[in-house]
Amino acid sequence: MTSPALQATSLAPSLTASDLPRSIQFYTKGLGFEIVEKNEADGAVRFVMMKAGAGMLGVGQDDFAKGRNRTKGVGFRIWITTSQDVSALAERAKNAGITLDEGPKALPWGPMAFAVTDPDGFKLTIANPR
């Protein structure tokens, strides 16, 4: 007998940041995420949970237990879909000082998209599938 397959009701990746305030700025000012939860320790913010529409993303301050220079984000990409105008979203990101990796442009299979890399090297693609 086969066990039932996972039927997730939500998915919220959590990333580790070398400089949490810088990452919060990138995601909130640059991409428009909203902080919905903050966790503090010793008077400093150590973790935030953010949302953008129905999407959730956690970002926590690295404790550097695995070293300050460890590589993050290699082989990992967050794909975000939206019904919004991706050109306008890309312009918001650029106005906040974010350099676009590519786009906005039509991808070979159709959607308009642009790509960015967060301050720790995590890759994101924001696309409108229409």
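This is a predicted model: local features need pLDDT of at least 70, side-chain atom pairs count only at pLDDT 80 or more; totals for chains, interfaces and linings use all residues.

Biologist: Fine. What is the strand order in the sheet that has β1 in it?

Modeller: The order is β1-β4-β3-β2. That sheet is open, has four strands and shows mixed pairing.

Biologist: Which strands are at the edges?

Modeller: β1 and β2, each pairing on one side only. From one strand to the next, the twist averages 20°.

Biologist: How many bridges hold β2 to β3?

Modeller: Seven, in the antiparallel sense. β2 covers residues 34-41 and β3 covers 44-52.

Biologist: Turns now. How many residues sit between β2 and β3 in their hairpin?

Modeller: Two residues. D42 lies in that loop and has a positive phi of about 55°, although it is not a glycine.

Biologist: Is D42 buried or exposed?

Modeller: D42 is exposed, because its relative accessible area is 85% and the cut-off is over 50%.

Biologist: What about the β3 and β4 hairpin, which residue has the positive phi there?

Modeller: G53, at about 65°. This hairpin also has two residues between its strands.

Biologist: Other sheet. What's the order there?

Modeller: β5-β8-β7-β6, an open sheet of four strands with mixed pairing. The edges are β5 (77-81) and β6 (100-106), each of which pairs on one side only. Neighbouring strands are turned by 15° against each other on average, direction ignored.

Biologist: How do β7 and β8 pair?

Modeller: Antiparallel, over six bridges. β7 is residues 112-117 and β8 is 123-128. V116 has L124 in β8 as its bridge partner.

Biologist: Which helix lies across β6, β7 and β8?

Modeller: α2, residues 86-95. α2 runs at about 20° to β7.

Biologist: Which peptide bond is cis?

Modeller: The one from G103 to P104, with omega near 5°. P104 is in strand β6.

Biologist: Now α1. Which of its residues are buried?

Modeller: L20, S23, I24, F26, Y27, T28 and G30, in a helix that spans residues 20-30. After α1 comes G32, with a positive phi near 90°.

Biologist: On to the core. Which members touch the most others?

Modeller: Y27, L31, L57, V59 and F114. They belong to the largest nonpolar core, which has 24 residues. β1 (14-17), α1, β3, β4, α2, β7 and β8 each supply at least two residues of this core.

Biologist: What does F114 touch?

Modeller: Leaving out residues up to four places away in sequence, its contacts include V86, L89, A90 and A93. L100, G103, P104 and L124 are also among them.

Biologist: Let's switch to D120. Where does D120 sit?

Modeller: In the loop between β7 and β8. D120 is buried, because its relative accessible area is 12% and the cut-off is under 20%.

Biologist: What is its side-chain polar partner?

Modeller: The side chain of S18, at 2.8 Å. Beyond four places in sequence, D120 touches T16, A17, S18, S23 and K72.

Biologist: Last one, A96. Where is A96 and what does A96 touch?

Modeller: A96 is in the loop between α2 and β6. A96 touches K29 and G30, not counting residues up to four places away in sequence. A96 is partly exposed, with a relative accessible area of 40%.

Technical notes:
Residues are numbered from 1 along each chain as its sequence is written. Side-chain values use heavy atoms; hydrogens and water are left out. Two strands pair if DSSP finds at least two bridges between them. Axes are lines fitted to C-alpha atoms, for helices over the stretch in contact, and angles run from 0 to 180 degrees between N-to-C directions. Contact means heavy atoms within 4.5 Å. Buried means under 20% relative accessible area, exposed over 50%, partly exposed in between (1.4 Å probe, protein chains only). A nonpolar core is a set of buried Ala, Val, Leu, Ile, Met, Phe, Trp, Tyr and Cys residues joined through side-chain atoms within 4.5 Å. A polar contact is a pair of N or O atoms within 3.5 Å; within protein, one must be able to donate a hydrogen and the other to accept it, and residues adjacent in sequence count only if both atoms are side-chain atoms.
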